Amino acid sequence: MIRPQLLVIAASVMLAHAAPQAMAAAAAPANAPAAAPAKAPVAISAQNPLLKASPLPFQMPQFGLIKDAHYAPAFAEGMKRQLAEVNAIANNRQAPTFENTIVALERTGQLLHRVQSIFSNMTSTNTNPALEAVETDISPKLAAHADAISLNPKLFTRIDTLYAKRDQLGLDAESLRLLDRYHTDFVRAGAKLSDADKEKLKAFNAEQAGLETAFAQNVLKETNAKGLVVNTREELAGMTDSDIDTAAAAAKERGLDGKFVIALVNTSGQPPLAVLTNRATRQRLMDASLNRGSQGGEFDNRAIVLKLAKLRAERATLLGYPNYAAYALEDQTAKTTTAVNTLLSELAKPAVANARREAADLQGVVDAEKGGFQVAAADWAIYTDKLRNQRFNFDENQLKPYLELNSVLNNGVFFAANKLYGISFKERKDLPVYNPDVRVYDVIDANGKPLALFIADFYARGNKHGGAWMNEYVSQSGLMGTHPVVANQLNIPKPPAGQPTLLTFDEVTTMFHEFGHALHGMFSNVKYPRFSGTSVPSDFVEYPSQVNEMWAVWPEVLQNYAKHYQSGAAMPQELLDKVMAAKKFNQGFMTTEYLSAALLDQRWHQLAPNQIPTDVLAFEAASLKEAGVDYAPVPPRYRTSYFSHSFSGGYSAAYYAYLWSEKLDAESVNWFKENGGLTRKNGDWFRSKLLSRGGSVDALQLFRDFRGRDATVEPLLERRGLKTQ
């Protein structure tokens, strides 16, 4: 996934608040300390390294020089400078032109954008109490700053004047689209509201920004603080000795010597559920996960959810929409709530039917073992693995010795990218990083020229949000003369010193997925910052990264990286065949848990202001029942109270995007297969027609340019095992 910045300042200064999330994730294992009280900003200093573009290659941040105290004054100075730049444009006595208005706006806010990019990434990957305090303080200020620009009447008058005569300006296609986007962005930000309504909107935006930050911080803090405390080693039967030692170390860090702590990941399902043989421990772990954010106490998110739902609904109504989802979807490729509701509802019934059939199969395993219980959510993972082992004669643990992190990265992810696009990678040891585990690579294009810097941060930490995502520190732009500095974040548990990092196949797939986002950023070849890299609709941005997942199981790639970490022996063909045969296994569960979360996201955001409920959990239960996905053995991938995709802002009313994008992905995988698969010709076509274009062309037109036609749903249904339902 893409983790949006707290505030993107490059073009229209649109708000996009940070959201911790991922389709596949692992947990941060340690406690994160409580946030410190906000401090008054210190005076700006010429020694502040944020004030000037970094002298490092491609303006990579000078992590070794940046201190926590540098951010607040740099934010203040950045907002001050951008407002001065914007006011100069708005008050320009010359008639508006594309250059003195639109292009001039594209050039504003360079300091603020630099500070924001670095800060947002640090609060996601390497936060601490000081940064959390700055985050809490700055979020509403950034919202107010964005409003000061997007609600400036003189500025909008200039944009509106140009927009009215856009066909007479002789603009090239990218410039014409930029003008159109500016006009759309400003209108959607409230530029046409009355003065009184603009004041209401400003209040909504400031409060919403603060609530989203609070929600995200609560999720991280509770995920780290709670976990599951276990008294005896026997209760952890099924876990490896290494994982039990990690749980003991986590307990010791919390002052619980002699006990064990299983840290929680951000999703409802928890990895140890697949191996814990003690059913009581499994149930306790499942309960600990599902009850997050709704147990009372300082991390309870229910009141925040209700306030956010109401605020967003009121804001949408003020802007002329019936609800927040209608507002959000208008600017996506889906366009309407009807389109999204139709997609989700059409899949819900067959998905749950598949899940029930899978549950019946699992119950057969339980009964054969004389378990004496009905399959519940806590049992699903472990009995799925048992059934998989019976049907395909292998389990996930058979794969891990062949999936060592460095081999997957170098001989898998990088290998596939080289075959497709001709790019190569060289690790840099001379550039500063914010954590010793972070790695940096030069990315060299097929023509031998430097293309980008790639930052890899793969391990979980207590001060890192859960999930997996891609982010940018520097975006490509011909206008600004900048090249990409992009990063991938995963949350792989770090093994004890001296031991290899062996991955699950889900983690391998996630690595390929996130690198697909990185390629989207690295291959960007646009003029304007507004369109750089992954600056596309949320329901399109996941599509290129999903396509990149296909190479994880492409025979030539898989055989190149799937080698035993000790012997170097290739993964046996028999095991490879089983991996492929099992790909559709458990699809009912996976589709249902995802659909449940996507449906919840829509239910919350399709409410009018006067429809906001008073009980979060009751509304959640009623919504799942109404949608026909209230199946207890398969809880939503995220429940409302820890659903950061939805309530921290990044994918609000847009969690459906993964499935929407997957329709395009399934079509594209077929195209690659039809045209010879892993070839430079295919890679160059995908790069030139889609990956390099960013948001400079309508998203669905980009797909048509690549595929030659619109997408159909049949490949998706077949992939999900729903075609015959």
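Visitor: Which residues have pLDDT under 50?

Guide: In this predicted model, pLDDT stays under 50 over residues 5–42. The model has 155 contacts beyond four places in sequence for that stretch. Where pLDDT is low, the predicted coordinates should not be read in detail. Across the chain, pLDDT averages 91, and 94% of the residues score at least 70.

Visitor: Happy to move on to the rings. How many aromatic pairs are there in the whole structure?

Guide: A search finds 41 aromatic pairs. To describe a pair of aromatic rings, one gives the distance of the centres and the angle of the planes. Take Tyr656 and Trp660: their planes stand at 85° and their centres 5.9 Å apart, so this pair is edge-to-face.

Visitor: Are Tyr656 and Trp660 buried or exposed?

Guide: Both Tyr656 and Trp660 are buried. Phe672 and Phe686 also form an edge-to-face pair, with 5.6 Å centre to centre and 80° between the planes.

Visitor: Which parts does the pair of Phe672 and Phe686 tie together?

Guide: Phe672 lies in helix 23 (residues 657–674) and Phe686 in helix 24 (residues 680–691), so the pair ties together parts that are 14 residues apart in sequence. Phe672 and Phe686 are each buried. They also belong to a cluster linked by ring pairs, whose members include Phe540, Tyr543, Trp551 and Trp671.

Visitor: Which charged ends sit over the rings of Phe373 and Trp660?

Guide: Over the ring of Phe373 sits the charged end of Arg279, 3.9 Å from the ring's centre. Over the ring of Trp660 you will find the charged end of Lys663, 5.5 Å from the centre.

Terms used:
Residues are numbered from 1 along each chain as its sequence is written. This is a predicted model: local features need pLDDT of at least 70, side-chain atom pairs count only at pLDDT 80 or more; totals for chains, interfaces and linings use all residues. Side-chain values use heavy atoms; hydrogens and water are left out. Rings of Phe, Tyr and Trp (its six-membered ring) pair if their centres lie within 6.5 Å; planes under 30 degrees apart count as stacked, over 60 as edge-to-face and the rest as tilted. Buried means under 20% relative accessible area, exposed over 50%, partly exposed in between (1.4 Å probe, protein chains only). Helices (H or I, at least four residues) and strands (E, at least two) are DSSP runs, numbered from the N terminus. A charge sits over a ring if NZ of Lys or CZ of Arg is within 6 Å of the ring centre and within 35 degrees of the ring normal. pLDDT is the predictor's confidence in each residue, from 0 to 100. Contact means heavy atoms within 4.5 Å.
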